[in-house]
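Q: I have a protein model open and I would like to learn how to read it. Could you take me through it step by step?

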Amino acid sequence: MVLFRRQLGDVLRERRMQRGMTLRQVSAEARVSLGYISEIERGQKEASSELLASLCSALDVPLSDVLREVSHAVAVEEAALAPIPITVSTKVAAHRGAGEVVASAA
């Protein structure tokens, strides 16, 4: 199962590290406890919209950019978890001898 909060935490951590900021610096700038930001980055806590706006402001990144990155990460993870159907060609099976089973993962 894809967890939005885990993807959000990964994106926020990556943005913070790109800016060369510590949790302490983001905490002071956003006026949010260091421990709570850490839990958000690790995907253990959900961020409210107000908190997310404060974090984005502290990181000097538009909220829309963060949400777009998270949306992309969720889509990639969903695609990786999607089952791959195995199809059996009835044309190939009809041309084979009786009793043969043909399956393809292609």
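Q: How much of the contacts with a separation of 6 or more comes from residues 24 or more positions apart?
A: A contact here means heavy atoms within 4.5 Å. In this chain, residues 24 or more positions apart account for 60% of the contacts with a separation of 6 or more. Keep in mind that this is a predicted model: local features need pLDDT of at least 70 and side-chain atom pairs count only at pLDDT 80 or more, while totals for chains, interfaces and linings use all residues. Residues are numbered from 1 along each chain as its sequence is written, and side-chain values use heavy atoms, with hydrogens and water left out.

Q: Which secondary structure does the chain have?
A: Helices (H or I, at least four residues) and strands (E, at least two) are DSSP runs, numbered from the N terminus. This chain comes to six helices and zero strands, so its order from the N terminus is simply α-α-α-α-α-α.

Q: How do I check the length of a helix such as α1?
A: Compare its reach with the expected span, which is 1.5 Å times one less than its number of residues. Helix α1 covers residues 4–18, 15 residues in total. From its first C-alpha to its last it reaches 21 Å, close to the 21 Å expected. Just after α1, Gly-20 takes a positive phi of about 70°.

Q: Which residues of α1 are buried?
A: Buried means under 20% relative accessible area, exposed means over 50%, and partly exposed is in between (1.4 Å probe, protein chains only). An α-helix has 3.6 residues a turn, so residues three or four places apart point the same way. In α1 the buried residues are Gln-7, Leu-8, Gly-9, Val-11, Leu-12, Arg-15 and Arg-16. They pack against α2 (23–30), α3 (34–41), α4 (49–59) and α5 (63–81). Over the chain of 106 residues, 28% count as buried.

Q: Which residues touch the most other members of the largest nonpolar core?
A: In soluble globular proteins, nonpolar side chains tend to be buried together. A nonpolar core is a set of buried Ala, Val, Leu, Ile, Met, Phe, Trp, Tyr and Cys residues joined through side-chain atoms within 4.5 Å. The largest one here has 21 residues, and Leu-8, Leu-12, Val-26, Leu-55 and Val-66 touch the most other members. Two or more residues come from each of α1, α2, α3, α4 and α5, and α4 gives the most, with six. To see one member up close, pick Val-66: leaving aside neighbours within four places in sequence, Val-66 is in contact with Leu-8, Val-11, Leu-12, Cys-56 and Val-61.

Q: How many salt bridges are there, and where is the one made by Glu-69?
A: A salt bridge is a side-chain nitrogen of Lys or Arg within 4 Å of a carboxyl oxygen of Asp or Glu. A search of the whole structure finds seven. Glu-69 pairs with Arg-15, with the closest N and O atoms 2.4 Å apart. This links Glu-69 in helix α5 to Arg-15 in helix α1, 54 residues apart. Arg-15 is buried at 19% relative accessible area, whereas Glu-69 is partly exposed at 31%. Not counting residues up to four places away in sequence, Arg-15 touches Leu-59, Val-61, Asp-65 and Glu-69.

Q: Which residue pairs with Arg-13?
A: Arg-13 forms a salt bridge with Glu-41, their closest N and O atoms being 3.7 Å apart. The pair joins helix α1 to helix α3, 28 residues apart. Arg-13 is partly exposed at 25% relative accessibility, and Glu-41 is buried at 5%.

Q: Where does the bridge between Arg-19 and Asp-60 lie?
A: The closest N and O atoms of Arg-19 and Asp-60 are 3.6 Å apart. Arg-19 lies in the loop between α1 and α2 and Asp-60 in the loop between α4 and α5, so the pair ties together parts that are 41 residues apart in sequence. Arg-19 is partly exposed at 43%, while Asp-60 is exposed at 61%. Elsewhere, salt bridges that share partners join Asp-10, Arg-13, Arg-16 and Glu-41 into one network.
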